[in-house]
Amino acid sequence: MTSQALPEPHKYPVNHIWHADWSISATARWVAKARRVTGGWQIYAIEPVGMLNQFLGTLADHGHKNTLWLGLDMPVGFADYWHDGANIQNFKSILKNGLTGSLEYLSTVCERPDQITYHRPFYPRSSGPKGSVKRDHLVTALGLSRFDDLHRRCERATNDRAAACPSFWTLGANQVGKGMLHGLEHLIIPGAHLGFNIWPFDGDLATCCQHPGVTLMETYPGEVYGWLGISELTKSNQKSRAKAVEFLIDFAARNAVEITPAVMADCKSGFGPDQGKDDAFDALVGVLGLIQIADGKRPEYLPDEPTIREREGWIMGLDPADIKTPKP
């Protein structure tokens, strides 16, 4: 672990913290909402994100007079090598210009290996016939040596978890890349145009909190599990979630976080058996993790490196000392 000093309690003048589990599927987009109250925090809603334009408008309305953090379980940033290959200076140029010019087809996921380029790096669109889609197709087309080279630094394995799925590889249950593209088009770029801060590209947390407004930031609930002490969890299983929630309710009480009765009832059931309820669970985990940072109990751990702050981004609260060195 690094020796980075913890911020002072309430150093960040944030009074609303939301966390959204993001997906291409509307049923899997859930948001947990907390607000600062006398003596601590109150989690008052865990609900579907709903209509995207309305969600953006609600964020903007809150940001007029309040400081609001929105944590997003999705990649926010591209690997350093990709910027060079695509001839894109930094991530903020994408936020400013959107998916135009050479990036017009960035969000069009490739169906065949011969379609993969730095301006169209997401692959594959579907699994295809058995054996027809291979990870090496993506690695070779981008001129890399191995699949692990696709990762941003913050996506590598740590001492507590396996490596995250790299965004460009879109096969598998998590569909990280497709969720990233959806969030980039429908939330990150429009939010930047509305004046939202995009952490860390607009500065560290202290900088983003200098004035009222909205700050969007990348999170990873799988990382937060360790902060909160969650173990032996099968997230897709309602009974397992319900057991973990019992621990989270106790954790919240010990950390001055009130959960309103309506939210508590849903929490205690493990969020029910319906599709997408594991995403509601992760929204709760995410908002509790961000409250830890707002209360000075965990640093943001943002490396002071141009590659991270201008191109790749970072996962909020990830200690760089915990990242494993890739094997040669």
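Let's start with I291, which sits in helix α10, residues 277-294. When I say helix or strand, I mean a DSSP run, numbered from the N terminus: H or I with at least four residues for helices, E with at least two for strands. Before going on, a word on the source: this is a predicted model, where local features need pLDDT of at least 70, side-chain atom pairs count only at pLDDT 80 or more, and totals for chains, interfaces and linings use all residues. Residues are numbered from 1 along each chain as its sequence is written, and side-chain values use heavy atoms, leaving out hydrogens and water.

So, is I291 buried or exposed? I291 is buried, at a relative accessible area of 2%. The cut-offs there are under 20% for buried, over 50% for exposed, and partly exposed in between, using a 1.4 Å probe and protein chains only. What does I291 touch, if you skip its neighbours within four places in sequence? I291 is in contact with I17, A34, W41 and V257, where contact means heavy atoms within 4.5 Å. And for a sense of scale, I291 and A157 are 134 residues apart in sequence and 24 Å apart in space, C-alpha to C-alpha.

Now the sheet. Seven strands make up an open sheet, running β5-β6-β4-β1-β2-β3-β7, with mixed pairing. The edges belong to β5 and β7, and each has a single partner strand, so one side of each is left without a neighbour in the sheet. For two strands to pair, DSSP has to find at least two bridges between them. Take β5: its pairing with β6, residues 213-218, is parallel and has two bridges. N197 has T215 in β6 as its bridge partner.

Over to β1, β2 and β3. β1 (residues 16-21) and β2 (residues 30-37) are antiparallel, with six bridges; D21, for instance, is bridged to W30 in β2. Then β2 goes on to β3, residues 40-48, also antiparallel, with eight bridges. One of the bridge pairs there is R36 with W41 in β3. Please keep W41 in mind, as it was on the contact list of I291. β2 and β3 form a hairpin with two residues between them, and G39 in the turn has a positive phi of about 85°.

Most residues other than glycine have a negative phi, and most peptide bonds are trans. Against that background, A256 has a positive phi near 60°. A256 lies in the loop between α8 (238-254) and β7 (257-259), and is partly exposed at 39% relative accessible area. Y301 has a positive phi too, near 55°. Y301 belongs to the loop between α10 and α11, but this residue is buried, at 6% relative accessibility.

And the cis peptide bonds? One joins Y123 and P124, with omega about 0°, and P124 is in the loop between α3 (91-97) and α4 (135-141). Another joins W199 and P200, again with omega about 0°; P200 is in the loop between β5 (197-198) and α6 (205-208).

Next, cysteines. How many disulfides are there? Zero, going by the rule that a disulfide is a pair of cysteine sulfur atoms within 2.5 Å. C209 is in no disulfide either, with the nearest cysteine sulfur, that of C208, 6.7 Å away. C110 is buried at 0% relative accessibility, and C209 is buried at 5%.

Last stop, the second largest pocket, with a volume of about 380 Å³. Of its 19 lining residues, R146, D148, H151, R156 and P326 are closest to the centre. Here's how that's defined: on a 1 Å grid over the protein atoms alone, a cavity is a set of points where a 1.4 Å probe fits but cannot get out, while a pocket is an open set with protein on both sides within 12 Å along at least five of seven lines, and lining residues have an atom within 4 Å of a point. Grid points are joined across faces, edges and corners, and the volume is the space filled by probe spheres set on the points.

Which helix gives the largest share of that lining? α11 does, with three residues. Both α2 (80-86) and α11 (306-312) supply at least two residues each. By class, the lining has 11 charged, five nonpolar and three polar residues. Here charged means Asp, Glu, Lys and Arg, nonpolar means Ala, Val, Leu, Ile, Met, Phe, Trp, Tyr, Cys and Pro, and polar is the others, Gly among them.
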